[in-house]
Amino acid sequence: MQAVEGHHFLIMKRKKESIFKVGYVIGLLIISVVAFAWYSHILKDELRELVRNTLKEVSNQNVLVVQKEIEGDLASLDEIAERISAMGETDEEEILDVLRRIEERYSFKRMGFCRTDGILHTTVDDIADVSEREYFQAAMRGENHVSDPLIDLMDGEEIIVFSAPIRSDGEVIGVLCAPYRVDSLKEVLAVSSFEGEGYTYIVERDGDKIVDSTHPTSFQDMTNIFTSMTEADERNNQAVEDLKLILDDGETGYVIFYNKVDKYMYTTPLGIKDWFLIDVVPVDFMENTSNYIIHRTYLMCGILAVVGAVIAFLIMNEERRKKQRIQNLLYVDELTGGNTLARFKMEVESRIQQHDKKIAIIKMDLDDFKLVNELFGYKEGDKVLCFVSRTLKESCRDGEFMGRSNADRFYILLLYEEEKEVRQRILKIAENIQRLRLSETLEYLLHPVFGIYYVEAGDNSIEDMLDCASLAHNMAKQAKNGLYKVYTNEIKEKELQKKQLSDQIEHAYRNHEFVVYYQPKYDSVTQKLAGAEALVRWRREDGQMVSPGLFVPLAEESGFVCKLDEYVFREVCRAQKQWMDRGLGIVPVSVNLSRRHLDNPEFIDEYKAILDESGVPIEYIQLEITESAMFEKKDEFVQIMERLHDLGFMILMDDFGTGYSSLMMLKSIPIDVMKLDKSFVDDYDDERGERIIRCVMRMAQDLSIAITAEGVETEAQYKFLTSVGCDTIQGYYFARPMPGEEYELHMQA
């Protein structure tokens, strides 16, 4: 009896255990199904967001490519127009000869020009009346213009016409025109995207085609994208309406339409005319990975009771792998085909943990790379970047890596045993880069600059390593003809000092620690005081002077320099008024204007109010601005200088010869005095230097511009400058910068 009862107890226990197990499995299954359903929903959203971000990134890159192509050609045409303007009065044939000689350097189909009558003369000897053309009328209004597609009357080819005004003394006297093949833009946009599945259109806001695609699955012979979508399938009616709303709003966005298969259509404003760039890619291509993951998830839910834990692991692993594939699309530099900075950071983190060898992080760029684009064009600049990328990649050994940040900035991870190996390899890389010949006629040597950071034990932050390499790189850039600098604690200390100094500037201003010094200028013939330049100096409370070379660049970077300039201007007005009231023989004092003032022309009214309040005649206050400011923002510069001239201010161009401006630009820049930089003066005894100085003197005389020589330190320099007609002399030969009390004595002499 006890045995039977015991057996029954065991049966009941096993039944209870079975029921518990079944309940556990069912509960686990329900929880797993709910969890997987929730997971699938989240996964879909994430993958769709990733798809949209990928579309956006590719579209933005395509926009940049088109903008760079069109804006680069417009800039080239504008430069050619300035060159023609500089020729002055000349006949059509001379201008056409110039255009024929230079047109092969550019991507235009041909070139031509017309005067205000609209009669176009081309480099292929065609003549046409374009006076009714939009591009001619826009250029006559002083605007650079890109036309909508037109049919070339010569060969029936589809073209876009670029136009730029030709000016003389500020007036438009003609128009420079250059047709550009629409097929060339097609070639630019035909760069394979999404593994060859994607393609690109350019359309107007009303849907009219600007550039169509040669891709076999695109709309063929498209004239209007709305029409083509409607004709492709009646199910596209809603997509057409949605696309019209996106274009009307001028925003980015996407629709899904049907043309044999479902496709994404992502639109982005080009920022050129009323044009939009539209990227198209099949939905299946973008969502195959997503659908694959989701379908696997559903399959795993069906067999979760058996292999739930294993399937969950596989799903997560598969998700990471597939998401990584999509993200890798963002890790390839579209221009060079190399690695992006994001990829470089990821690889550095991995390789630092893997290698026992010593590691160096290198930052490199090309000094004054913008000149390559300006001299040779943006296409040639892109070729240079591709060449540099290949050179750096070829220089990498096993375990090493390189990547491009943006523009001409590259990063390299090098392995080494001794530091001299790194220096030797950098010299070799620089030598290989400098082998590139940019032009058969113009001698131009690329100058790479490197910053080196030797990774130390315990370094974990990739960002900190890159920052250290950047600090060393900045020091190399500041050094004259510097090739590389190695990061040291001294560099770090200098940066900390700069930061501390920057933090102290505002306090010093409130504490009245900034004072005005004056450097006299003397008439080169009579040697009498002819003027002075006002300079700001920082004298701490303890009397210690802070070098202008330290605080002025910091003030420039932060924008604080505008406040300093106004302070000096106000102090000079106050001092001039006091000296005038005391009967001293005051002379004009020039006050520096930072390039930052070009961003806020309202300073003109403020300066005029300060001057009027002081009661000093305007002829005793002059304004100086550097040549580089003129070069960077020429149009704004001209407008501001003309306003200042109208008020009665005399304008001095400081540091002439240190920038990159063309001498012909002086023709349109309203300056009264040109200050010859010390670098010219120092080379006076060199044959070429002497010729250059004489040339500058003659040019200035022809333009009725006075010349002041800066940095004159010796009697020989003074005598030479006097002999070539220099008007005034400034430099240690006569006087150093001095406080106002000492400057008074020079006025009394």
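**Helix packing and nonpolar cores in a predicted model**

The axes of helix α9 (residues 341–354) and helix α13 (residues 462–478) come within 10 Å and cross at roughly 110 degrees; axes are lines fitted to C-alpha atoms, for helices over the stretch in contact, with angles from 0 to 180 degrees between N-to-C directions. The model is predicted: local features need pLDDT of at least 70 and side-chain atom pairs count only at pLDDT 80 or more, while totals for chains, interfaces and linings use all residues. Residues are numbered from 1 along each chain as its sequence is written, and side-chain values use heavy atoms, with hydrogens and water left out.

**Overall**

- The protein has 23 helices and 27 strands, which are DSSP runs numbered from the N terminus (helices H or I, at least four residues; strands E, at least two).
- Of the 749 residues, 47% are buried (under 20% relative accessible area, with a 1.4 Å probe and protein chains only).
- Among contacts with a separation of 6 or more, 61% join residues 24 or more positions apart; contact means heavy atoms within 4.5 Å.

**Helices α9 and α13**

- α9 and α13 are therefore roughly perpendicular to each other (65 to 115 degrees).
- Their crossing is right-handed, meaning that the near helix is turned clockwise from the far one by less than a right angle.
- From α9, Leu341, Phe344, Lys345, Val348, Glu349 and Ile352 meet Ile462, Glu463, Met465 and Leu466 of α13.
- The residues of this contact divide into seven nonpolar, no polar and three charged; Ala, Val, Leu, Ile, Met, Phe, Trp, Tyr, Cys and Pro count as nonpolar, Asp, Glu, Lys and Arg as charged, and the others, Gly among them, as polar.

**Helices α5 and α6**

- The axes of α5 (residues 225–232) and α6 (residues 237–249) come within 9 Å, crossing at roughly 165 degrees.
- That makes α5 roughly antiparallel to α6 (over 145 degrees), and the crossing is right-handed.
- Ile225, Phe226, Met229 and Thr230 of α5 make the contact with Asn237, Ala239, Val240, Leu243, Lys244 and Leu247 of α6.
- This contact comprises seven nonpolar, two polar and one charged residue.

**Nonpolar cores**

- The largest nonpolar core has 78 residues, and Phe514, Tyr518, Phe569, Leu644 and Tyr743 have the most contacts inside it; a core is a set of buried Ala, Val, Leu, Ile, Met, Phe, Trp, Tyr and Cys residues joined through side-chain atoms within 4.5 Å.
- Helix α16 (residues 561–581) gives the most to this core, with nine residues.
- Apart from this core lies another, of 33 residues, including Ile84, Leu96, Ala178 and Val211.
- Leu644 touches Leu593, Phe603, Ile604, Leu623, Phe649 and Ile651, leaving aside residues up to four places away in sequence.

Key:
Buried < 20%, exposed > 50% of the residue type's maximum accessible area, 1.4 Å probe, protein only. Parallel < 35°, antiparallel > 145°, perpendicular 65-115°, else oblique.
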